[in-house]
Amino acid sequence: MKLKRLMAAGLASIMTVAALAGCGGSSDGGQQASADNGGGEAGGSSDAGSGEMVDLKWVLIGNGMPANYDTWMAKVNDYIGDKIGVNLEVEVVSWADWDSRRNVIISTNEPYDIIFGHGGNYISDINLGAYCDITDLIEENMPELNEMMPEECWTAVRVNDRIYGVPTYKDIAISNYAIWDKELVEEYNLDLAKLTELDSLTPVFEQLKADKNDYPFYCKNDGIYFIFDAYDQLGAGTQVLGVRYDDQDAKVCYTLEQPDIYKALQTVYEWNQKGLVNPDAATLSEARVYNMWRIGQGWETAAYTSWGPQMGKDVAVQKVGDTILSNDTVRGSINMVSTNSKHPEKCLQLLNLVNTDTKLRDMFYYGEEGVNFEYTEDGKVHKNEENNWDIPGYTNGSYFTVTQEDKDEYNQFEEIKGLVDNAVSSVMLGFTFDTSSVYDQIANCSEIWLRYKSEVMTGVQDPAVSVPKIKEELMAAGFQDIIDAAQAQVDEFMASKK
């Protein structure tokens, strides 16, 4: 199977996956559509030629069903019917209803063929036997996407050395940027390249506070949340446990004690003591629009397309740290095939086409041509702002086959791809912690951290006091059991890579 240089080794000690009956019930083969970033033309399929059509249902998240769903779906089906012999139904579940609706679909075996998901439910749903093992179906049914997709993406969604979902090839790595009010940068002649460490910001923040009578670090209750991005949390779901992304020894640790994390906590505590942090930060659930400085995840041109417009001011940005690719970053958007689908091959053929055929990709990303958008004479997309599209593009396909908008001076998709291509992979890429033996301890330890989190992360509490106090409570709740179980699995995983 051409998954390039995928790791041959499986996870060290992983959950027992239920038998996946029902997958592969269809032998619908046929020629696959070929990627065409210029016009979206792709090869036909044998099913389309024979006149036989396969019905599929895809469940996605968004703003609910589009107002023009019927006419959009008709155009989509005309296109994919000719290409791969599929007649598609799409259910778009609203953000507010997603968790409950998705849980009903999965727990009751409600009929569907493809469903969107993310790392928060991927493993648990696999344990339930909800998803088809597609490992051996990818090469034949998704040749273009398989060729386009970096090997790291497939690695990140492997569980027990098998693949149960198709990751979305987009901004699948974390890049952090310091976002500054450009007016202040120019007024104070700031060299942003020299202001990438938190403690280097202290004298600048003191000056800004004195001159502007405002809080240079205005944040909500998650404070300096970004400091944990350098730690792979192993799928355990708590920030106090992790392995640093570049630690070749892969030591599972209490993250708050690590030198980089502890130093950051000391700095934000110093800021708080000096009045550089808004006093209501620990209890604030919504951030304000304007910031003198903040950290954001994204890419440099977001300064023009997103961060600046959102703040209503010009901004200057500076990249902070490495771009990191991990299981969590890749698993932010995955599409899975139901274990009960009668046509898993067709599901993959559809996902292949949505990801690699530009014409179809634009249909899912922008909506219906002539209603939600138009193509311009120079081959770009002009969106109709009066008819917003209700299906977010990150849920269903790659960014890198989407047509650029006419309003964008910079092609942000090219920049995103460049960041991804040069990302540093976590040493834990492909590893998922089997938490079954320490499930209760993790739940208890997560609760302990949540009690302290807001005040620690916003600098209310002195880390010299809080970090050892939290550790004491964690250890009493079984934190050492978690570390020991995780380390044993990590050691076996690392040995299998050698």
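User: Hi! What share of the contacts in the protein with a separation of 6 or more comes from residues 24 or more positions apart?

Analyst: This is a predicted model, where local features need pLDDT of at least 70, side-chain atom pairs count only at pLDDT 80 or more, and totals for chains, interfaces and linings use all residues. Residues are numbered from 1 along each chain as its sequence is written, and side-chain values use heavy atoms, with hydrogens and water left out. With contact meaning heavy atoms within 4.5 Å, the share of residues 24 or more positions apart among contacts with a separation of 6 or more is 79%.

User: Which residues of helix 4 are buried, and what do they pack against?

Analyst: Helix 4 spans residues 119-127, and its buried residues are Asn-121, Tyr-122, Ile-123, Asp-125 and Ile-126. Just after helix 4 comes Gly-129, with a positive phi of about 80°. The buried residues of helix 4 pack against helix 3 (98-107), strand 3 (114-117), strand 4 (158-159), strand 5 (162-163) and strand 13 (334-337).

User: Where is Asp-161, and what is its phi?

Analyst: Asp-161 sits in the loop between strand 4 and strand 5. Asp-161 is partly exposed because its relative accessible area is 22%. Its phi is positive, in a residue other than glycine, and lies near 65°.

User: Is Asn-189 buried or exposed?

Analyst: Look in the loop between helix 8 (182-187) and helix 9 (202-212) for Asn-189. This non-glycine residue also has a positive phi, near 50°. Its relative accessible area is 69%, so Asn-189 counts as exposed.

User: Which side chain does Thr-432 make a polar contact with?

Analyst: Thr-432 lies in the loop between strand 16 (424-425) and helix 16 (439-457). With a relative accessible area of 4%, Thr-432 is buried. A polar contact is a pair of N or O atoms within 3.5 Å; within protein, one must be able to donate a hydrogen and the other to accept it, and residues adjacent in sequence count only if both atoms are side-chain atoms. At 2.9 Å, the side-chain partner of Thr-432 is Arg-331.

User: How many disulfides are there, and how far from Cys-347 is the nearest cysteine sulfur?

Analyst: A disulfide needs a pair of cysteine sulfur atoms within 2.5 Å, and by this rule the count is zero. Cys-347 is in no disulfide, and the nearest cysteine sulfur, that of Cys-132, is at 8.2 Å.

User: Which element gives the most residues to the lining of the second largest pocket?

Analyst: On a 1 Å grid over the protein atoms alone, a pocket is an open set of points where a 1.4 Å probe fits, with protein on both sides within 12 Å along at least five of seven lines, and lining residues have an atom within 4 Å of a point. Here 25 residues form the lining, with Thr-196, Glu-197, Ile-227, Asp-260 and Val-320 nearest the centre. Strand 7 (174-181), helix 10 (259-273), strand 11 (293-297) and strand 12 (315-325) each supply at least two lining residues. With five residues, the element that gives the most is helix 10.

Technical notes:
Helices (H or I, at least four residues) and strands (E, at least two) are DSSP runs, numbered from the N terminus. Buried means under 20% relative accessible area, exposed over 50%, partly exposed in between (1.4 Å probe, protein chains only).
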